[in-house]
Amino acid sequence: MADTNVEDTPPADDGHPVLRITGLNKSFGPVHVLHDVDFALRRGEVMALVGDNGAGKSTLIKCVAGIHPVDTGRIEFEGREVRVTGPRDAAALGIEVVYQDLALADNLDIVQNMFLGRERRRGIVLDEHSMEEAARETLARLSVRTVKSVRQQVASLSGGQRQTVAIAKAALWESKVVILDEPTAALGVQQTRQVLDLVRRLADTGHAVGLISHNLNDVFEVADRVTALYLGRVAAEVRTADVTTSQVVELITAGRSGDLGLAPHTAAENI
Amino acid sequence: MSVTTPLLELRGVDKSFGSMKVLRDVAFSAYPGEVTALVGDNGAGKTTLVKCIGGIHPYDSGEYLFEGRPVRLGSPRDAAALGIEVVHQDLALCENLDIVQNLFLGRERRRGLVLDEATMEELAAKTLSGLSIRTMGSVRQRISTLSGGQRQTVAIARAVLWDSRLVVLDEPAAALGVAQTQQVLELVRRLADQGLAVVLISHNMNDVFAVSDRIAALYLGRMVAQVRTADVTHTNVVELITSGRSGDLGLPR
Amino acid sequence: MMKGGPSQEDIRRHNLGALLRFVHLRGPASRATLAESLGLNRSTIMALTADLTAAGLVREELPRKPGRRAGRPSLVVRPESTRVYVLAFDVGVDRLVVARVGLGGEVLDRREGARDRGADASDLVTALVSAARSLVRKAGRDAVCVGAAVAFPGIVRRADDAIMFGPNLDIGDLSLGEALSRRLGLGIPVAVCNDADLGALAEHERGAGVGCDNLIYLHGDVGVGGGIIVGGRLLGGDQGFGGEIGHMVVNPGGRPCACGAQGCLEAEVGERTLLAHAEREEGPDGREAVRAVVEAADWGDIVAREALHRVGTWLGIGVANLVNVFNPGLVVFGGTLRDVYLGSAAQVRSVLATNALAASREKVRLRTAALGDDTTLVGAAEFAFTEVLADPVQVLARLKAPEDTPVL
Amino acid sequence: MSTNIPEGKEAAVKLADSDFAADRREHDVRAAVGDYWSRVRSGDLGAVPAILGLAGLVVLFTALRPETFLSTGNIANLSTQALPVTILAMGLVFVLLLGEIDLSAGVASGVCAAVMAKLMVDAGQPWYVAVITAIGVGIVIGTAIGWLVSVVRIPSFVVTLALFLGLQGITLRLIGDGGTVPVRDDVIVALANKNMPVWLGWTLAVLCAAGYAATQLWRWRRQRERGLVGRPLVLVAGQVAVIAAALLVATYVLSLDRAPSPLIVISGIPWGVPLVGVLLIICTFVLGRTPYGRHVYAVGGNAEAARRAGINVTRIRMSVFMIASTFAALSGIAAASRLNSITPDAGGGTTLLLGVGAAVIGGTSLFGGKGKARDAVLGGLVIATIDNGLGLLGAKAYANFLITGGVLLFAASIDALARRRRAATGR
């Protein structure tokens with residue numbers, strides 16, 4: 001039952017995962033939410049994390065980000081076991097999480113937002129020039145061209161542009177792992193395109209990217225692999241090239257699909 | 001039952017905000033005596049659609065039929081005049097007033113200059129007990145003393161009191177405990193069983209399956225399917241929500 | 001009796017019953033409404049009302065309606081709910097309720113208590129009788145008790161109200177109805193019925209099933225009971241044992257059931273099974289424990305969610321079979337199954353959609369009990385009223401005649 | 001005994017949480033007291049703090065100045081002293097109910113009084129023309145504030161702060177720097193300085209008591225008739241008795257001769273008191289019994305809800321400022337009557353603060369949505385009592401400021417704490 005790891009046949013091993021989580025369990029008091037979860041993010045790859053509402057996606061991400069302490073389980077970063085006890089630990093390792101609410105200050109401009117809380121300074125003065133340069137350089141590296149000026153106030157940006165800024169902010173910090181929580185929710189088709197492109201480029205520039213999404217078309221478009229959570233367990237980790245959307249939906253709603261997924265008796269007698 | 005005409009029918013509704021297209025060619029129907037669940041991912045356009053139904057947003061093009069007759073809504077007042085009541089998530093109740101006062105807010109009964117408190121109180125009690133609402137001590141309780149579920153109940157009862165014919169509920173069970181959620185769900189069901197057309201927006205598939213007669217799924221601003229709940233499975237609905245198609249249903253391949 | 005057609009007297013008795021039944025179930029009504037609904041002319045209604053009034057079963061008065069200024073008020077016929085009542089006993093595995101229910105269905109007064117799962121039969125009778133006596137004492141001196149019935153979680157033989165099988169509540173060889181009737185000393189028999197059958201009756205007459213003559217009621221307590229109404233009548237079978245939906249096998253070779261079989265619906269969706277799936281066998285049991293599982297699932301507990309998912313699957317299969325066999329218009333979930341259904345509706349209906357015939361499932365409505373926790377209690381009350389509703393004046397006369405000495 | 005159904009009354013299953021049991025339950029005195037207590041516990045204090053405060057102050061000052069404070073002369077003085085602040089506060093209650101503030105009400109009262117005085121003294125107009133004009137000026141000021149706040153949507157704090165400065169200039173321009181315009185018109189002066197004939201006072205008092213009793217009982221009967229359970233008759237009767245007794249005792253005290261010399265007779269209710277009484281009745285009626293009043297509470301409680309319910313929020317918002325300024329005009333006239341003159345600083349200084357203080361001390365919430373017209377009367381009496389009592393004690397001006405400020409802060413704290421309490425018990 002614990003041996004639900006379908007990923008026993010090693011995938012064409014493109015190096016060790018940057019982040020690897022094994023056997024993670026998490027309860028909130030009596031409420032058990034994650035059970036023996038294995039999850040891995042690899043350099044240059046987008047890993048989609050899918051699951052029904054309440055399957056444990058956000059909890060898993062918050063465990064990775066150090067917001068929730070884990071009950072049991074092992075977190076390895078670049079092959080070494082690490083302890084993540086707070087958001088600062090995660091940031092120090094180079095794990096950045098972009099949440100749905102983005103946490104941007106509307107009244108500040110793009111540069112100010114990207115450096116919020118980690119401003120560069122010279123003596124006691126803010127080093128505006130260096131920050132502006134770094135921001136512009138990061139945006140250019142990610143081929144973000146939709147923003148007219150880095151000195152634009154965030155309030156004047158569209159939803160897609162805000163998402164872009166938030167993602168770029170995460171990429172600014174020498175981060176190795178970037179995890180995005182539903183970055184395309186509430187965006188139009190056009191803007192979704194931009195953000196997905198950005199997600200792909202993030203991986204192509206050498207980051208390990210985790211993507212939480214409800215939209216399977218987006219997932220299939222941009223992700224290399226999918227981890228499907230079903231009631232707090234990993235139903236399967238598969239390559240997007242090997243499965244269809246219907247199979248992933250079955251993994252999400254029933255925990256199994258054909259040969260994939262959980263053993264029958266845990267998946268409610270195979271119905 | 002399928003021969004009954006829908007109370008509300010939208011055809012080919014488009015809606016854009018500036019250059020952003022939010023609804024595309026949406027068809028939607030709500031039938032009297034039925035609960036129609038409106039499901040979709042965040043940003044699929046549920047809220048916009050509800051606002052179009054409620055007359056808050058004008059739609060760009062498309063047809064709006066009420067009882068089979070085309071109507072044009074200019075404002076929420078027009079919708080209210082047709083008997084369309086939208087219960088938003090924030091409920092819009094005055095916490096400093098009591099249940100009766102909230103139920104009659106803006107449409108107070110009066111005798112001459114004076115408020116007719118006794119009649120309002122009687123009608124309020126009658127409406128609430130007609131909905132088998134059994135969880136409140138007194139109709140003279142202030143809203144500030146009520147729980148979230150009870151507030152939701154008051155907001156819904158207001159729709160009934162005003163003889164609404166179509167009630168749209170935006171996530172009525174969000175942020176409620178399970179006992180309260182169950183009560184609200186049963187209330188939603190009772191509304192429909194009394195002959196109202198009910199549109200329920202919900203993220204919770206159990207809630208959707210527990211009370212709905214039809215499910216309308218939005219995917220990226222398109223209505224990909226409107227099906228009878230009896231004919232679909234949980235997996236079908238999740239697939240429609242997450243990828244816009246499921247088997248024969250939804251977007252063409 | 002041997003005559004071809006019904007006699008004048010039969011017709012009158014029937015009409016009296018119909019009128020009383022109407023105000024009992026639908027509430028106070030004007031003569032005009034009664035005439036229209038019963039298909040009788042107004043003078044007949046007047047005569048019937050006069051008879052019932054004289055018998056003390058109804059009274060006529062001015063309506064209390066909001067905005068009564070409009071129009072001439074017409075008299076309404078109102079059941080004498082405080083003067084004519086029945087005693088309803090609801091014997092659950094963990095919970096006992098005794099109520100005094102007035103004509104018109106209003107619960108006038110009630111006593112409620114917890115029952116220990118290990119308690120024996122004589123304790124049960126003593127508790128019920130003492131509660132009933134205190135209810136009778138508090139009724140007015142002019143009030144009259146016209147019937148009594150017990151809702152019991154077991155299989156009851158219709159002929160003599162003998163309890164044939166009650167795996168979750170064993171009371172031995174005791175004849176419950178007789179014992180209660182004797183100890184109460186009100187001169188009325190006490191009927192004993194299967195609780196789910198009574199639940200079906202209650203939901204049919206006062207709950208979610210008003211106006212639906214083909215319905216199935218599923219009642220969850222420790223076990224699972226069922227009541228099937230076909231064509232407006234309760235399906236009893238040859239000896240009244242019918243409708244034991246809880247012992248319909250849904251999973252051959254599945255979990256063992258108290259009845260000896262394996263994979264009964266009760267064994268797959270009952271309280272013990274749900275708690276076992278949720279890894280809560282150790283903790284408290286009963287209705288609150290079931291609710292706690294649903295609550296935990298709502299909070300996101302994966303064990304509880306999976307337990308509900310599994311139970312929902314079997315419940316869905318059970319409902320699918322019932323829908324295929326009976327083609328009901330309505331399936332009502334009561335007792336703990338209300339919570340289980342609301343917590344697993346997506347699974348129940350998904351299974352129904354894949355397992356039931358499209359034609360049968362298309363129009364079936366799934367509902368929770370509108371009477372809530374009182375479904376079986378209300379059913380007992382309705383059952384107790386049947387006799388007086390069938391022949392109002394006679395029954396009342398018989399009850400009042402013997403002696404005018406006060407009871408107890 | 002393992003099966004048990006407890007016997008007796010306590011065993012009866014509580015229907016308390018079903019079917020509006022509280023509406024059906026036979027209300028007895030105990031239940032009513034219980035309800036009241038639970039309301040107090042949830043932060044709905046009503047008039048209790050103000051009444052307790054007033055009683056405390058009376059006891060305190062009586063103990064400190066036993067011979068003067070409770071003398072009939074001082075009591076009459078107290079009632080006229082409370083006059084301007086009470087009227088001002090009554091208007092402010094409307095503004096506060098919306099959660100807004102009118103900082104200019106004090107100086108608006110000065111402007112109106114100055115207009116009145118100038119019209120009578122310089123233009124020789126009769127008193128009624130002057131008074132009507134003054135009230136008209138009040139309405140104009142209120143309309144201007146209301147328009148700026150509700151249509152232009154400038155925060156009321158800013159609008160009225162601006163007017164607070166600006167209107168002082170107008171008073172100064174009208175009266176002239178260092179000038180004083182005397183008010184000598186008999187009618188105006190009578191308001192705060194003359195008394196009603198004793199018989200008229202008694203007649204009015206008895207009429208008021210009877211009228212109050214009649215409306216209360218009539219309402220109670222009507223509820224009973226409809227099968228709605230109101231408060232028990234004993235409580236209604238008790239409330240009527242207490243109010244009537246207070247009314248009659250006050251009339252009796254004010255009907256005693258309070259002349260310092262035995263040669264003349266001064267007795268009767270000061271004319272200002274029935275004026276406040278009439279305003280109180282009107283405001284209570286408007287706020288409690290009319291749709292307009294209900295809408296004021298609704299906008300104060302949740303403007304968005306009110307808007308969605310089809311209430312014209314802009315118009316309601318505008319109207320309350322008009323009412324406040326109109327009452328300010330009346331308050332200015334009362335103040336002018338008391339002082340017999342108008343100075344350039346009329347309505348300035350602490351006038352406004354005392355008005356707001358009176359409303360808040362009486363129980364009106366600064367957060368909007370909660371308050372009654374009677375709050376102004378109770379609060380006005382508290383403010384006047386402090387002023388009067390400290391005067392009798394010969395306290396210095398600084399002490400007066402300190403103590404009044406302290407009382408205001410105390411009342412506002414009670415308001416804020418009660419609000420937190422309400423929020424906490426809400427869910």
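No contact joins chain A and chain D, and their closest C-alpha atoms lie 21 Å apart. I begin with that pair because what we are looking at is a predicted model, and I would like to set out how its chains meet before going into any one of them. Of the five pairs of chains that are in contact, chains B and D share the most contacts.

Let me stay with chain A for a moment and speak about confidence. Its mean pLDDT is 83, with 92% of its residues reaching 70 or more. There are two stretches to treat with care: over residues 1-13 of chain A the pLDDT stays under 50, and the model has twelve contacts beyond four places in sequence for them, while over residues 266-271 of chain A it also stays under 50, with 17 such contacts. An unreviewed UniProt entry carries the annotation "domain: ABC transporter" for residues 19-256 of chain A, and over those residues the chain is 34% helix and 29% strand, with the end C-alpha atoms 25 Å apart.

Turning to chain B, we find an open sheet of six strands in the order β6-β9-β10-β3-β11-β12, with mixed pairing. Strands β6 (84-87) and β12 (222-228) of chain B stand at the edges with a single partner strand each, so one side of each is left without a neighbour in the sheet. On average, and ignoring direction, neighbouring strands of this sheet are turned by 15° against each other.

Within that sheet, β3 (residues 35-40) and β11 (residues 214-219) of chain B pair in the parallel sense over five bridges, and B:Val39 has B:Ala217 as its bridge partner in β11(B). Helix α8 (residues 234-243) of chain B packs on the sheet, where it touches β3, β11 and β12 of chain B, and its direction makes about 25° with that of β11(B). Helix α5 (residues 148-161) of chain B, by contrast, lies across β6 and β9 (166-170) of chain B and runs at about 175° to β6(B).

Finally, chain C: which strand is largely enclosed by the rest of the structure? That is β5 (residues 95-102) of chain C, because seven of its eight residues are buried. Seven bridges join β4 (residues 84-91) of chain C to β5(C) in an antiparallel arrangement, C:Leu87 being partnered by C:Arg100, and the two strands form a hairpin with three residues between them. On to β6 (residues 107-114) of chain C, which β5(C) meets antiparallel through seven bridges, with C:Glu112 as the partner of C:Val97. These two strands, β5(C) and β6(C), form a hairpin with four residues between them, and C:Gly104 in the turn has a positive phi of about 105°.

Terms used. Residues numbered from 1 in each chain as written. Chains lettered and ligands numbered in written order. Predicted model: local features only at pLDDT ≥ 70, side-chain atom pairs only at ≥ 80, totals over all residues. pLDDT = per-residue confidence, 0-100. Contact = placed C-beta atoms within 7 Å. Pairing = 2+ DSSP bridges. Axes fitted to C-alpha atoms, helices over the stretch in contact; angles between N-to-C directions. UniProt positions renumbered as here; feature names shortened; annotations may be inferred. Buried ≥ 20, exposed ≤ 12 C-beta atoms within 10 Å, placed from the backbone.
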